[in-house]
Amino acid sequence: MFILGRRHLLLFCLLLGCVTAESIIATVGEDVTLICNYNAKYYGKLSTCWGRGAIPNSGCANEVIKSDGTSVISRLSERYLFRGNVGEGDVSLTIRQVEEGDSGTYGCRVEIPGWFNDHKHQLTLTVVAVRPNALKVEPREVKERTVTVRWTPVFDGGKPITAYRIDLKNKQASWDTAVTTEVSNPELTQLTLVDLRPAKTYNLRMFAINSVGMSEASNVLTVTTKEAAPEGPPLDMQLEALTPHSIKVTWKPPRLDQRNGVLRSYSISYREYDSTGSQFKRWQHVSVTATRELESVILSNLKPSARYGVIIQAKTNAGIGPPSTAPLCSTLDEVHTTSTASTITSTSTAAITWIHDTTSLTSVHTTSTIETVTAATVWGESTTSVTSGNSTLNSGYLPPDPPVVELKEVKDNTISLVWTPGFEGDSPITGYYLECKAVNASWDYRKTVVDFSSNQTEATIIEINPSTYNIRMFAKNSLGTSTASNVLTITTVEAGHPKGDLPATISTDTHAAANVEESHSGHLAAIVVPVVLVVLVVAIVTTWQLRRIKQKKGSLNMWLTNGALRYRGSESLQEL
């Protein structure tokens, strides 16, 4: 007695025995069991075999597994097995993790003693591919304007994964508003999203795609970018002379979308100018905790009938923002018994313009120090090496050479880069970082910095706001950072939008670090040019004097301090 299949059962009683047929449909990756049983209590323990193809007159065609009635004595692969109790007549065949190639006809033969007594059971198995399994996404690195995520490869459903889709939205918004990007690189296991807003919370999810369709959504990742320094200056700054010795300063916080985090405090800097506004004293500083939408502070202990300039900068935990300025304000005269308060309103622009101020530079012991009012730029002490004969004085350890960056692919708003490391210098390279900015902006206003490990040589970046960008890279080791690499100019577009030929150019200047500095804004040039001229003049005079001394005494040592010539200048208008 046989217990046979369950679906589309057909029974053919032939002269040579009975054959049953059954059709089964399964999906790739499943474990499938093909049913075949006999009455072991009635017949005893009998030999059984399974094969692929129609059941022949004897035995099994293309045999995949065989039992002697007690246990398995042979099988084609570990994927074929009997999970039932063979001794009790359960000889159902289980195939582990079926593939499309497992589709076809399978036959079960139970060998019953006597002529034409064998019982035969035949099945048709159809295995179909399905969509990939859902991904599990986790954060790798979160910075002010970038998020890097990674995932583990999943079961592809029987068809190769061809692409990944990424959805990104603000946490409070619906998925209908999400920015969607499709990346056609199935080998990826991590990617970086750039041009995000600081101190914002985002939701991210991903999908895997094959020729059958798209997987279910991954887990939803909630990430909050780190704070950054404010992008905008305080607003509506006003100066009001109260007495001969005090000025009241009022202002409002920067625009909400430019705060880049929680405002912690304000830095108020002020100093005295002469009657022409061309000479000034050193800056004095006051810090005020950020508490409300209209802030104020009274500057006291000022001189009567004196002109003062004031700038205000907002601070977060990540740094200080650009300043807000107002025209100079004069304290009241000492002789006034009654005073009429005068109010001066600022233009509330991020840039500072001092119309009547000039800067004088003085050479002192060849050491140069320049201070600037913008927090983003810091000019430190510079040194010039002097070479005598074949030896170079003031030589140090070498940082690495910059990598050479190449564009691998631009598709919609997805950028794929590869880079070749340069000479590592006097210490192994410990990592790389990438800078990205709008094509018309200065590198001082770069929008993105992305770090990479020392063993990475390629990356895929998703630009959330399609536009034209400059990209460059730096190498790092324990001794310092390289100069800038070649600069790529890349244009991205929104996913799914048609596009023409997109320019992607590579700077051929081997001194990229020098070239990118030419893009500094005008107010920095106004400071740098006079300093350079002074340094050149001092260098020319010094060289002439060195030659005179060398002719007289044959030695340069009297001109050297720790092997370097140094210059110092007077403080500038923009020293903050």
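Start by selecting Cys49 and Cys60: the torsion about their S-S bond is about 80 degrees, so this disulfide is right-handed. You are looking at a predicted model, and the sulfur atoms of Cys49 and Cys60 lie 1.9 Å apart in it. Cys49 belongs to strand E4 (residues 48-52), while Cys60 sits in the loop between E4 and strand E5 (63-67). The two cysteines are 11 residues apart, and the pair is one that links distant parts of the chain.

Turn on a surface next. Are these two cysteines buried or exposed? Cys49 is buried, with a relative accessible area of 1%. Cys60 has a relative accessibility of 17% and counts as buried too, because the cut-off for that word is under 20%.

**Next stop: Cys36 and Cys108**

How many disulfides does the structure hold? There are two, and Cys36 joined to Cys108 is one of them, with an S to S distance of 2.2 Å. Select this pair and look along the bond between the sulfurs. The torsion about the S-S bond is about -70 degrees here, so the disulfide of Cys36 and Cys108 is left-handed. Cys36 lies in the loop between strand E3 (32-34) and helix H1 (40-43), and Cys108 lies in strand E9 (residues 104-110). This pair also links distant parts of the chain, its partners being 72 residues apart.

With the surface still on, check both ends. Cys36 is buried at 0% relative accessibility, and Cys108 is buried with a relative accessible area of 0%.

Before moving on, colour the bonded cysteines and follow them along the chain. Counted in that order, they pair as 1-4, 2-3.

Two further cysteines are worth a click. Cys329 counts as buried at 0% relative accessibility, and Cys436 counts as buried at 5%.

**A hairpin: E11 and E12**

Select residues 137-142 for strand E11 and residues 147-151 for strand E12. The two strands run antiparallel and are joined by five bridges. Four residues lie between E11 and E12, and the strands form a hairpin. Which residue in E12 is the bridge partner of Pro139? Click on Val149 to find that partner.

**A sheet of four strands**

Strands of a sheet pair through backbone hydrogen bonds, either parallel or antiparallel. Which order do the strands take in the open sheet that four of them form? Reading across, you meet E14, E13, E16 and E17, with antiparallel pairing. At the edges are strand E14 (179-183) and strand E17 (221-224), each of which pairs on one side only.

Now zoom in on E13 (residues 163-170) and E16 (residues 201-209). These antiparallel strands are joined by eight bridges.

**Last stop: colour by confidence**

Finally, colour the chain by pLDDT. The mean over the chain is 77, and 70% of its residues reach 70 or more. Select residues 1-17, where the pLDDT is below 50; this stretch has 44 contacts in the model beyond near neighbours in sequence. Residues 336-395 also have pLDDT below 50, with 154 contacts beyond near neighbours in sequence. Where pLDDT is low, the predicted coordinates should not be read in detail.

Notes:
Residues are numbered from 1 along each chain as its sequence is written. This is a predicted model: local features need pLDDT of at least 70, side-chain atom pairs count only at pLDDT 80 or more; totals for chains, interfaces and linings use all residues. Side-chain values use heavy atoms; hydrogens and water are left out. Two strands pair if DSSP finds at least two bridges between them. A disulfide is a pair of cysteine sulfur atoms within 2.5 Å. Buried means under 20% relative accessible area, exposed over 50%, partly exposed in between (1.4 Å probe, protein chains only). pLDDT is the predictor's confidence in each residue, from 0 to 100. Contact means heavy atoms within 4.5 Å.
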